Amino acid sequence: MQKRWLKPLVFIVCLLPLIILGWQLYTGQLGANPIDEVADSTGEWSLRFLLITLMATPLKRLFGWAWAIRVRRMLGLYAFFYAGLHLFTYLWLDQFFDWGEIWLDILERPFITVGMLAFVLLLPLAITSNKFMVRRMRRSWKQLHQLAYVIPALGVLHFWWLVKADVLEPLVYGVALVLLLGSRISAGIAVKNATREGCAP
Amino acid sequence: MLIKIATDLNESDVTPCEIYQQRRRFLQSGIAIAGAAIGGSLLSPDVSAALQLGKITPGPFSTDEEKTPLDDVTSYNNFYEFGVDKSDPARYAHKLVTDPWSVSISGEVGRPGTYTLEDILKPHALEERIYRLRCVEGWSMVIPWVGFPLADLLKRFEPTSKAKFVEFETLVDKKQMPGQRRRVLDWPYREGLRIDEAMNPLTLIAVGLYGDVLPNQNGAPIRLVVPWKYGFKSIKSIVRIRLRGTQPTSSWTQSAPREYGFYSNVNPGVSHPRWSQKRERRIGEWRKRKTLMFNGYQEQVASLYAGMDLKKYY
(Lines give C-alpha, C1' and ligand atoms only; values in the text may rest on other atoms or scores of the structure.)
Protein backbone atom coordinates (compact mmCIF):
# COMPACT_ATOMS: atom_id res chain seq x y z
CA MET A 1 0.00 0.00 0.00
CA GLN A 2 2.35 2.67 -1.24
CA LYS A 3 -0.01 5.59 -0.97
CA ARG A 4 1.64 8.75 -2.11
CA TRP A 5 -0.67 10.97 -0.07
CA LEU A 6 0.07 9.28 3.26
CA LYS A 7 3.06 11.32 4.32
CA PRO A 8 1.76 14.74 3.22
CA LEU A 9 -1.51 14.00 5.00
CA VAL A 10 0.21 13.02 8.24
CA PHE A 11 2.46 16.05 7.89
CA ILE A 12 -0.50 18.42 7.76
CA VAL A 13 -2.51 16.66 10.47
CA CYS A 14 0.46 16.86 12.83
CA LEU A 15 0.77 20.55 12.13
CA LEU A 16 -2.87 21.20 13.08
CA PRO A 17 -2.26 21.61 16.83
CA LEU A 18 0.18 24.40 16.07
CA ILE A 19 -2.12 26.03 13.53
CA ILE A 20 -5.04 25.91 15.97
CA LEU A 21 -2.90 27.23 18.80
CA GLY A 22 -1.63 30.05 16.60
CA TRP A 23 -5.16 30.92 15.59
CA GLN A 24 -6.38 30.91 19.19
CA LEU A 25 -3.46 33.10 20.18
CA TYR A 26 -4.12 35.50 17.33
CA THR A 27 -7.84 35.77 18.06
CA GLY A 28 -7.37 36.06 21.82
CA GLN A 29 -9.00 32.76 22.69
CA LEU A 30 -6.25 31.57 24.99
CA GLY A 31 -7.63 33.39 28.00
CA ALA A 32 -6.01 35.70 30.49
CA ASN A 33 -2.60 34.06 30.44
CA PRO A 34 -1.93 33.08 26.82
CA ILE A 35 1.80 32.57 27.29
CA ASP A 36 1.26 29.86 29.88
CA GLU A 37 -1.29 28.29 27.55
CA VAL A 38 1.24 28.18 24.72
CA ALA A 39 3.86 26.65 27.00
CA ASP A 40 1.45 24.03 28.34
CA SER A 41 0.00 23.17 24.97
CA THR A 42 3.29 22.75 23.11
CA GLY A 43 4.65 20.67 25.99
CA GLU A 44 1.64 18.41 26.01
CA TRP A 45 1.74 17.96 22.24
CA SER A 46 5.37 16.99 22.45
CA LEU A 47 4.54 14.32 25.01
CA ARG A 48 1.58 13.15 22.93
CA PHE A 49 3.72 12.80 19.84
CA LEU A 50 6.35 10.87 21.78
CA LEU A 51 3.64 8.41 22.78
CA ILE A 52 2.03 8.34 19.33
CA THR A 53 5.45 7.50 17.88
CA LEU A 54 5.63 4.54 20.23
CA MET A 55 2.28 3.32 18.89
CA ALA A 56 3.68 2.57 15.43
CA THR A 57 5.25 -0.76 16.29
CA PRO A 58 2.29 -2.21 18.21
CA LEU A 59 -0.09 -1.01 15.49
CA LYS A 60 1.85 -2.89 12.89
CA ARG A 61 2.17 -5.96 15.08
CA LEU A 62 -1.46 -6.10 16.13
CA PHE A 63 -3.23 -4.93 12.99
CA GLY A 64 -0.61 -5.28 10.33
CA TRP A 65 -0.66 -1.55 9.64
CA ALA A 66 2.69 -1.16 7.96
CA TRP A 67 1.97 2.47 7.12
CA ALA A 68 2.36 3.28 10.81
CA ILE A 69 6.04 2.39 10.55
CA ARG A 70 6.37 4.53 7.43
CA VAL A 71 5.25 7.66 9.25
CA ARG A 72 7.04 6.88 12.49
CA ARG A 73 10.03 9.05 11.76
CA MET A 74 7.84 12.01 10.96
CA LEU A 75 5.89 11.53 14.19
CA GLY A 76 9.11 11.43 16.15
CA LEU A 77 10.33 14.57 14.47
CA TYR A 78 7.07 16.28 15.34
CA ALA A 79 7.62 15.33 18.98
CA PHE A 80 10.99 17.05 18.68
CA PHE A 81 9.43 20.03 16.91
CA TYR A 82 6.82 20.61 19.62
CA ALA A 83 9.43 20.04 22.34
CA GLY A 84 11.53 22.71 20.66
CA LEU A 85 8.61 25.14 20.62
CA HIS A 86 7.93 24.32 24.27
CA LEU A 87 11.54 24.95 25.22
CA PHE A 88 11.71 28.13 23.18
CA THR A 89 8.55 29.44 24.87
CA TYR A 90 10.21 28.86 28.21
CA LEU A 91 13.54 30.42 27.22
CA TRP A 92 11.95 33.42 25.62
CA LEU A 93 8.60 34.24 27.20
CA ASP A 94 9.23 32.83 30.63
CA GLN A 95 12.89 33.71 31.18
CA PHE A 96 13.55 36.28 28.43
CA PHE A 97 16.91 34.60 27.78
CA ASP A 98 18.20 35.35 31.25
CA TRP A 99 20.83 32.60 31.07
CA GLY A 100 21.83 32.94 34.71
CA GLU A 101 18.26 32.32 35.83
CA ILE A 102 17.83 29.52 33.33
CA TRP A 103 20.94 27.79 34.61
CA LEU A 104 19.70 28.15 38.21
CA ASP A 105 16.38 26.68 37.13
CA ILE A 106 18.10 23.69 35.58
CA LEU A 107 20.17 23.12 38.70
CA GLU A 108 17.55 23.79 41.35
CA ARG A 109 14.28 22.63 39.91
CA PRO A 110 14.02 18.94 39.21
CA PHE A 111 11.13 19.33 36.76
CA ILE A 112 13.19 21.73 34.66
CA THR A 113 16.24 19.45 34.94
CA VAL A 114 14.25 16.48 33.71
CA GLY A 115 12.56 18.45 30.95
CA MET A 116 15.86 19.82 29.75
CA LEU A 117 17.41 16.35 29.85
CA ALA A 118 14.54 15.01 27.76
CA PHE A 119 15.16 17.68 25.14
CA VAL A 120 18.91 17.10 25.12
CA LEU A 121 18.30 13.39 24.57
CA LEU A 122 15.89 14.15 21.74
CA LEU A 123 18.53 16.13 19.88
CA PRO A 124 20.74 13.21 18.72
CA LEU A 125 17.62 11.28 17.73
CA ALA A 126 16.44 14.13 15.54
CA ILE A 127 19.90 14.62 14.05
CA THR A 128 20.34 10.94 13.21
CA SER A 129 16.83 10.44 11.92
CA ASN A 130 17.77 10.68 8.25
CA LYS A 131 18.39 7.66 6.02
CA PHE A 132 22.05 8.43 5.64
CA MET A 133 22.66 8.18 9.39
CA VAL A 134 20.54 5.07 9.68
CA ARG A 135 22.74 3.35 7.12
CA ARG A 136 25.95 4.70 8.48
CA MET A 137 25.35 3.90 12.14
CA ARG A 138 23.88 0.43 11.58
CA ARG A 139 23.49 -1.36 14.92
CA SER A 140 24.43 1.59 17.05
CA TRP A 141 21.58 3.56 15.43
CA LYS A 142 19.11 1.07 16.85
CA GLN A 143 20.70 1.29 20.26
CA LEU A 144 20.69 5.06 20.21
CA HIS A 145 17.07 5.23 19.17
CA GLN A 146 16.01 3.11 22.10
CA LEU A 147 16.15 6.45 23.89
CA ALA A 148 12.67 6.84 22.46
CA TYR A 149 11.53 4.66 25.36
CA VAL A 150 13.32 6.75 27.98
CA ILE A 151 12.43 10.26 26.78
CA PRO A 152 8.64 10.01 27.19
CA ALA A 153 9.21 8.71 30.72
CA LEU A 154 11.19 11.87 31.42
CA GLY A 155 8.37 13.86 29.84
CA VAL A 156 5.79 12.27 32.15
CA LEU A 157 8.01 12.95 35.15
CA HIS A 158 8.50 16.55 34.01
CA PHE A 159 4.72 16.99 33.87
CA TRP A 160 4.15 15.14 37.15
CA TRP A 161 6.55 17.34 39.09
CA LEU A 162 5.02 20.47 37.64
CA VAL A 163 1.41 20.07 38.71
CA LYS A 164 0.31 21.41 42.07
CA ALA A 165 -2.11 18.82 43.36
CA ASP A 166 -3.97 17.11 40.56
CA VAL A 167 -1.78 14.43 38.98
CA LEU A 168 -4.58 12.99 36.87
CA GLU A 169 -3.28 14.26 33.53
CA PRO A 170 0.34 13.15 33.93
CA LEU A 171 -1.01 9.89 35.33
CA VAL A 172 -2.97 9.28 32.12
CA TYR A 173 0.16 9.80 30.04
CA GLY A 174 2.13 7.60 32.42
CA VAL A 175 -0.37 4.75 32.10
CA ALA A 176 -0.35 5.10 28.31
CA LEU A 177 3.44 4.87 28.35
CA VAL A 178 3.41 1.80 30.59
CA LEU A 179 0.95 0.10 28.25
CA LEU A 180 3.04 0.94 25.20
CA LEU A 181 6.23 -0.32 26.79
CA GLY A 182 4.42 -3.32 28.26
CA SER A 183 3.16 -4.33 24.82
CA ARG A 184 6.76 -4.52 23.69
CA ILE A 185 7.83 -6.65 26.61
CA SER A 186 4.97 -9.08 26.10
CA ALA A 187 5.66 -9.21 22.38
CA GLY A 188 9.32 -9.85 23.12
CA ILE A 189 8.42 -12.74 25.43
CA ALA A 190 6.08 -14.19 22.81
CA VAL A 191 8.82 -14.09 20.18
CA LYS A 192 11.28 -15.71 22.57
CA ASN A 193 8.87 -18.52 23.43
CA ALA A 194 8.10 -19.10 19.79
CA THR A 195 11.81 -19.34 18.99
CA ARG A 196 12.38 -21.76 21.83
CA GLU A 197 9.66 -24.04 20.50
CA GLY A 198 11.44 -24.20 17.22
CA CYS A 199 9.23 -21.88 15.19
CA ALA A 200 10.69 -19.13 13.11
CA PRO A 201 10.07 -15.73 14.71
CA MET B 1 -33.64 24.86 50.95
CA LEU B 2 -30.64 25.23 53.18
CA ILE B 3 -27.14 24.73 52.04
CA LYS B 4 -25.66 21.68 53.64
CA ILE B 5 -22.67 22.50 55.73
CA ALA B 6 -20.55 19.62 56.92
CA THR B 7 -20.08 20.86 60.45
CA ASP B 8 -21.27 20.05 63.90
CA LEU B 9 -23.98 22.67 63.76
CA ASN B 10 -27.41 21.86 65.08
CA GLU B 11 -30.47 22.48 63.03
CA SER B 12 -31.57 24.86 65.80
CA ASP B 13 -28.58 27.07 65.19
CA VAL B 14 -29.93 27.98 61.83
CA THR B 15 -32.71 30.35 60.97
CA PRO B 16 -35.68 28.20 59.92
CA CYS B 17 -35.85 27.83 56.21
CA GLU B 18 -39.32 29.28 55.72
CA ILE B 19 -38.68 32.36 57.80
CA TYR B 20 -35.38 32.86 56.10
CA GLN B 21 -36.87 32.67 52.65
CA GLN B 22 -39.69 34.99 53.65
CA ARG B 23 -37.09 37.43 54.74
CA ARG B 24 -35.27 37.02 51.47
CA ARG B 25 -38.44 37.61 49.50
CA PHE B 26 -39.14 40.68 51.55
CA LEU B 27 -35.70 42.05 50.79
CA GLN B 28 -35.94 41.17 47.16
CA SER B 29 -39.36 42.64 46.65
CA GLY B 30 -37.94 46.11 47.01
CA ILE B 31 -35.45 45.66 44.24
CA ALA B 32 -36.73 43.06 41.87
CA ILE B 33 -39.78 43.09 39.70
CA ALA B 34 -42.28 40.39 40.59
CA GLY B 35 -41.37 37.22 38.79
CA ALA B 36 -37.92 38.36 37.83
CA ALA B 37 -36.53 36.89 41.01
CA ILE B 38 -37.69 33.45 39.95
CA GLY B 39 -37.42 33.73 36.20
CA GLY B 40 -34.19 35.64 36.35
CA SER B 41 -32.48 33.17 38.57
CA LEU B 42 -33.41 30.37 36.23
CA LEU B 43 -32.33 32.15 33.11
CA SER B 44 -29.21 33.81 34.30
CA PRO B 45 -27.32 32.44 37.28
CA ASP B 46 -25.76 35.80 38.02
CA VAL B 47 -29.12 37.26 38.90
CA SER B 48 -29.57 34.73 41.71
CA ALA B 49 -27.14 36.77 43.77
CA ALA B 50 -29.77 38.97 45.34
CA LEU B 51 -27.25 40.72 47.50
CA GLN B 52 -27.21 44.44 46.86
CA LEU B 53 -24.09 46.32 47.70
CA GLY B 54 -25.47 49.80 48.18
CA LYS B 55 -23.09 52.61 48.85
CA ILE B 56 -19.39 51.96 48.30
CA THR B 57 -16.76 54.46 49.38
CA PRO B 58 -13.10 54.46 48.39
CA GLY B 59 -11.02 52.74 51.06
CA PRO B 60 -7.37 53.05 52.07
CA PHE B 61 -4.34 51.14 50.75
CA SER B 62 -5.52 51.17 47.13
CA THR B 63 -2.91 50.97 44.42
CA ASP B 64 -3.15 53.24 41.40
CA GLU B 65 -1.73 50.54 39.13
CA GLU B 66 -3.75 49.59 36.11
CA LYS B 67 -6.59 47.26 37.04
CA THR B 68 -6.77 43.80 35.50
CA PRO B 69 -9.75 43.73 33.11
CA LEU B 70 -12.94 42.32 34.61
CA ASP B 71 -13.02 39.63 31.94
CA ASP B 72 -9.67 38.26 33.05
CA VAL B 73 -10.51 38.55 36.74
CA THR B 74 -13.64 36.47 36.21
CA SER B 75 -12.36 33.90 33.70
CA TYR B 76 -8.96 32.95 35.07
CA ASN B 77 -9.48 31.49 38.50
CA ASN B 78 -8.06 28.89 40.80
CA PHE B 79 -11.09 27.57 42.63
CA TYR B 80 -10.56 23.82 42.75
CA GLU B 81 -14.06 23.29 44.13
CA PHE B 82 -15.20 23.76 40.54
CA GLY B 83 -12.33 21.96 38.82
CA VAL B 84 -8.59 22.28 38.52
CA ASP B 85 -8.52 24.08 35.19
CA LYS B 86 -8.48 27.85 35.41
CA SER B 87 -11.48 28.09 33.13
CA ASP B 88 -13.50 25.59 35.18
CA PRO B 89 -14.76 28.03 37.83
CA ALA B 90 -16.23 30.38 35.24
CA ARG B 91 -17.82 27.39 33.53
CA TYR B 92 -19.31 25.62 36.55
CA ALA B 93 -19.68 28.13 39.36
CA HIS B 94 -23.19 29.08 38.29
CA LYS B 95 -24.31 25.95 40.13
CA LEU B 96 -23.37 27.56 43.41
CA VAL B 97 -26.37 28.89 45.32
CA THR B 98 -25.22 31.93 47.26
CA ASP B 99 -28.61 32.96 48.50
CA PRO B 100 -29.51 31.98 51.16
CA TRP B 101 -26.08 31.83 52.76
CA SER B 102 -24.99 31.60 56.33
CA VAL B 103 -21.70 31.71 58.16
CA SER B 104 -21.00 30.02 61.45
CA ILE B 105 -18.74 31.79 63.90
CA SER B 106 -17.37 29.55 66.61
CA GLY B 107 -14.52 28.85 68.97
CA GLU B 108 -12.94 31.49 71.16
CA VAL B 109 -15.60 34.15 70.76
CA GLY B 110 -18.10 35.71 73.10
CA ARG B 111 -20.95 35.52 70.61
CA PRO B 112 -20.75 32.28 68.68
CA GLY B 113 -23.54 31.29 66.33
CA THR B 114 -24.66 30.87 62.79
CA TYR B 115 -25.50 34.10 61.10
CA THR B 116 -27.16 34.85 57.83
CA LEU B 117 -25.15 36.73 55.29
CA GLU B 118 -27.38 39.76 55.86
CA ASP B 119 -26.66 39.67 59.58
CA ILE B 120 -22.96 39.42 58.86
CA LEU B 121 -22.92 42.35 56.47
CA LYS B 122 -25.51 44.68 57.97
CA PRO B 123 -23.40 46.95 60.18
CA HIS B 124 -20.47 47.27 57.80
CA ALA B 125 -19.87 50.15 55.44
CA LEU B 126 -18.48 48.86 52.18
CA GLU B 127 -15.24 50.20 50.75
CA GLU B 128 -13.49 49.72 47.46
CA ARG B 129 -9.91 48.61 47.80
CA ILE B 130 -7.71 48.09 44.80
CA TYR B 131 -5.23 45.41 45.76
CA ARG B 132 -2.54 43.46 44.02
CA LEU B 133 -3.11 39.71 44.00
CA ARG B 134 -0.09 37.45 43.58
CA CYS B 135 -0.72 33.78 42.85
CA VAL B 136 1.80 31.23 44.11
CA GLU B 137 1.99 30.02 40.50
CA GLY B 138 3.76 33.18 39.39
CA TRP B 139 1.05 35.41 37.94
CA SER B 140 -0.64 38.46 39.40
CA MET B 141 -3.61 40.76 38.98
CA VAL B 142 -4.84 44.09 40.29
CA ILE B 143 -8.40 43.79 41.55
CA PRO B 144 -10.81 46.42 42.87
CA TRP B 145 -12.45 44.55 45.73
CA VAL B 146 -15.51 45.68 47.61
CA GLY B 147 -15.58 44.79 51.26
CA PHE B 148 -14.67 45.77 54.79
CA PRO B 149 -11.88 44.93 57.22
CA LEU B 150 -11.97 41.44 58.68
CA ALA B 151 -11.00 43.02 62.00
CA ASP B 152 -14.32 44.89 62.14
CA LEU B 153 -16.20 41.66 61.59
CA LEU B 154 -14.26 39.65 64.17
CA LYS B 155 -14.55 42.32 66.83
CA ARG B 156 -18.35 42.15 66.67
CA PHE B 157 -18.22 38.56 67.84
CA GLU B 158 -15.90 39.40 70.73
CA PRO B 159 -12.83 37.19 70.42
CA THR B 160 -11.59 36.01 73.82
CA SER B 161 -8.01 36.36 74.99
CA LYS B 162 -7.45 32.73 73.98
CA ALA B 163 -8.10 33.50 70.34
CA LYS B 164 -4.64 33.32 68.73
CA PHE B 165 -5.61 32.15 65.26
CA VAL B 166 -8.56 32.33 62.88
CA GLU B 167 -9.58 29.39 60.75
CA PHE B 168 -11.85 29.64 57.72
CA GLU B 169 -13.71 27.00 55.78
CA THR B 170 -15.29 26.94 52.34
CA LEU B 171 -18.62 25.30 51.61
CA VAL B 172 -18.64 21.58 50.88
CA ASP B 173 -21.37 20.43 48.53
CA LYS B 174 -20.57 18.13 45.65
CA LYS B 175 -23.80 19.00 43.91
CA GLN B 176 -22.97 22.66 43.73
CA MET B 177 -19.23 22.26 43.54
CA PRO B 178 -18.48 19.51 41.04
CA GLY B 179 -14.73 19.75 41.58
CA GLN B 180 -15.25 18.30 45.05
CA ARG B 181 -16.22 14.95 43.56
CA ARG B 182 -12.51 14.33 43.27
CA ARG B 183 -10.32 14.53 46.32
CA VAL B 184 -7.72 16.79 44.77
CA LEU B 185 -7.60 18.49 48.16
CA ASP B 186 -8.99 17.36 51.48
CA TRP B 187 -12.34 19.17 51.45
CA PRO B 188 -13.49 21.42 52.93
CA TYR B 189 -10.89 23.94 51.84
CA ARG B 190 -9.42 25.41 54.99
CA GLU B 191 -7.25 28.43 55.56
CA GLY B 192 -5.96 30.26 58.58
CA LEU B 193 -4.38 33.44 59.81
CA ARG B 194 -2.64 34.46 62.98
CA ILE B 195 -4.91 36.78 64.94
CA ASP B 196 -2.68 39.80 64.37
CA GLU B 197 -2.68 39.09 60.65
CA ALA B 198 -6.45 38.80 60.74
CA MET B 199 -6.73 42.08 62.62
CA ASN B 200 -4.38 43.94 60.29
CA PRO B 201 -6.26 46.75 58.56
CA LEU B 202 -5.20 45.41 55.14
CA THR B 203 -7.04 42.13 55.63
CA LEU B 204 -10.34 42.35 53.88
CA ILE B 205 -13.61 40.49 53.80
CA ALA B 206 -14.77 40.95 50.22
CA VAL B 207 -18.32 40.69 48.95
CA GLY B 208 -17.79 42.31 45.59
CA LEU B 209 -15.42 43.39 42.88
CA TYR B 210 -15.55 46.08 40.25
CA GLY B 211 -18.40 47.70 42.16
CA ASP B 212 -20.70 44.71 41.89
CA VAL B 213 -21.39 41.56 43.89
CA LEU B 214 -18.75 38.87 43.66
CA PRO B 215 -19.19 36.56 40.70
CA ASN B 216 -19.49 32.99 41.97
CA GLN B 217 -16.15 31.99 40.46
CA ASN B 218 -14.45 34.67 42.51
CA GLY B 219 -15.71 33.28 45.80
CA ALA B 220 -19.25 34.55 46.22
CA PRO B 221 -20.88 35.54 48.37
CA ILE B 222 -18.17 36.24 50.93
CA ARG B 223 -14.43 35.68 50.81
CA LEU B 224 -11.17 36.67 52.36
CA VAL B 225 -8.54 38.90 50.72
CA VAL B 226 -5.05 38.94 52.22
CA PRO B 227 -3.04 40.85 49.65
CA TRP B 228 0.45 40.28 51.06
CA LYS B 229 0.06 36.50 50.96
CA TYR B 230 -0.16 34.14 48.00
CA GLY B 231 -3.64 33.99 46.55
CA PHE B 232 -4.59 30.60 47.92
CA LYS B 233 -4.64 32.08 51.44
CA SER B 234 -7.57 34.27 50.38
CA ILE B 235 -10.21 31.63 50.90
CA LYS B 236 -13.46 31.81 48.94
CA SER B 237 -17.14 31.17 49.65
CA ILE B 238 -16.69 31.08 53.41
CA VAL B 239 -19.23 29.23 55.57
CA ARG B 240 -17.32 28.92 58.79
CA ILE B 241 -15.01 31.08 60.85
CA ARG B 242 -13.50 29.64 63.98
CA LEU B 243 -11.24 31.41 66.41
CA ARG B 244 -8.79 29.09 68.05
CA GLY B 245 -5.85 28.89 70.41
CA THR B 246 -3.74 26.67 68.16
CA GLN B 247 -2.47 27.15 64.65
CA PRO B 248 -4.83 25.61 62.10
CA THR B 249 -3.59 23.58 59.13
CA SER B 250 -4.45 24.97 55.72
CA SER B 251 -5.61 22.59 53.00
CA TRP B 252 -2.61 23.36 50.83
CA THR B 253 -0.21 22.95 53.74
CA GLN B 254 -1.76 19.58 54.42
CA SER B 255 -1.46 18.65 50.76
CA ALA B 256 2.20 19.65 50.40
CA PRO B 257 3.73 20.97 53.64
CA ARG B 258 7.13 21.62 52.05
CA GLU B 259 5.60 23.79 49.36
CA TYR B 260 2.80 25.74 51.04
CA GLY B 261 3.54 26.93 54.54
CA PHE B 262 1.12 28.40 57.03
CA TYR B 263 2.37 31.93 56.41
CA SER B 264 2.80 31.84 52.64
CA ASN B 265 3.75 35.49 52.54
CA VAL B 266 4.67 36.72 49.09
CA ASN B 267 8.46 36.60 49.23
CA PRO B 268 10.74 36.79 46.18
CA GLY B 269 13.60 35.51 48.35
CA VAL B 270 11.96 32.19 49.16
CA SER B 271 11.46 29.94 46.16
CA HIS B 272 8.66 27.50 45.87
CA PRO B 273 10.56 24.19 45.92
CA ARG B 274 9.64 23.65 42.28
CA TRP B 275 9.82 27.15 40.84
CA SER B 276 11.25 30.57 41.53
CA GLN B 277 9.14 33.32 43.08
CA LYS B 278 11.43 36.16 42.03
CA ARG B 279 9.25 37.36 39.22
CA GLU B 280 5.65 37.27 38.15
CA ARG B 281 3.58 37.79 35.07
CA ARG B 282 0.98 40.48 35.58
CA ILE B 283 -2.02 39.25 33.63
CA GLY B 284 -2.21 41.22 30.40
CA GLU B 285 1.49 42.01 30.36
CA TRP B 286 4.10 40.54 28.11
CA ARG B 287 7.25 40.78 30.17
CA LYS B 288 7.54 39.56 33.70
CA ARG B 289 7.97 41.97 36.56
CA LYS B 290 9.86 41.65 39.80
CA THR B 291 7.88 40.26 42.70
CA LEU B 292 7.88 42.58 45.69
CA MET B 293 8.39 41.55 49.30
CA PHE B 294 4.98 41.09 50.94
CA ASN B 295 3.60 41.86 47.48
CA GLY B 296 4.52 45.49 48.04
CA TYR B 297 2.73 45.83 51.38
CA GLN B 298 5.86 45.90 53.58
CA GLU B 299 4.88 49.16 55.16
CA GLN B 300 1.65 47.71 56.48
CA VAL B 301 2.72 44.20 57.44
CA ALA B 302 6.50 43.85 57.82
CA SER B 303 6.24 44.55 61.57
CA LEU B 304 4.05 41.46 62.00
CA TYR B 305 7.06 39.32 61.23
CA ALA B 306 9.82 41.28 62.96
CA GLY B 307 12.51 38.90 64.12
CA MET B 308 11.01 35.91 62.35
CA ASP B 309 13.06 33.80 59.98
CA LEU B 310 10.82 33.93 56.93
CA LYS B 311 12.82 31.20 55.23
CA LYS B 312 11.82 28.89 58.05
CA TYR B 313 8.30 30.24 58.42
CA TYR B 314 7.48 30.31 54.73
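Predicted model: local features only at pLDDT ≥ 70, side-chain atom pairs only at ≥ 80, totals over all residues.
View 1. Helix H6 of chain A runs over residues 110–127, and its 18 residues should span 26 Å at 1.5 Å a residue, which agrees with the 26 Å between its end C-alpha atoms. The buried residues of H6(A) are A:Ile112, A:Val114, A:Gly115, A:Ala118, A:Phe119, A:Leu122 and A:Leu125. These residues lie on the same side of H6(A), because they cover an arc of only 160° around the axis. On the face turned away from this buried side, H6(A) carries the exposed residues A:Val120, A:Leu123 and A:Ile127. The cover over the buried residues of H6(A) includes three helices of chain A, namely H4 (72–94), H5 (99–108) and H9 (147–160).

**View 2. Helix H4 of chain A and its surroundings.** With 23 residues, H4(A) reaches 32 Å from its first C-alpha to its last, close to the 33 Å expected at 1.5 Å a residue. Just after H4(A), the backbone at A:Phe96 takes a positive phi of about 50°.

View 3. The largest nonpolar core has 69 residues, of which B:Val103, B:Trp145, B:Val166, B:Ala206, B:Leu224 and B:Ile238 touch the most other members. Leaving aside neighbours within four places in sequence, B:Trp145 is in contact with B:Arg129, B:Tyr131, B:Leu204, B:Ala206, B:Leu209 and B:Val225. In soluble globular proteins, nonpolar side chains tend to be buried together.

View 4. Chain B has nine helices and 13 strands, and buried residues make up 44% of its 314 residues. Among the contacts in chain B between residues at least 6 apart in sequence, 70% join residues at least 24 apart. Where the two chains meet, the contact takes 15 residues from chain B and 11 residues from chain A. On the side of chain B that touches chain A, the residues divide into seven nonpolar, four polar and four charged.

Technical notes:
Residues numbered from 1 in each chain as written. Chains lettered and ligands numbered in written order. Helix = DSSP H or I, 4+ residues; strand = E, 2+ residues; numbered from the N terminus. Expected span 1.5 Å × (residues − 1). Buried ≥ 20, exposed ≤ 12 C-beta atoms within 10 Å, placed from the backbone. Arc of directions from axis to C-beta. Contact = placed C-beta atoms within 7 Å. Core = buried A, V, L, I, M, F, W, Y, C linked by C-beta atoms within 7 Å. Nonpolar A, V, L, I, M, F, W, Y, C, P; charged D, E, K, R; others polar.
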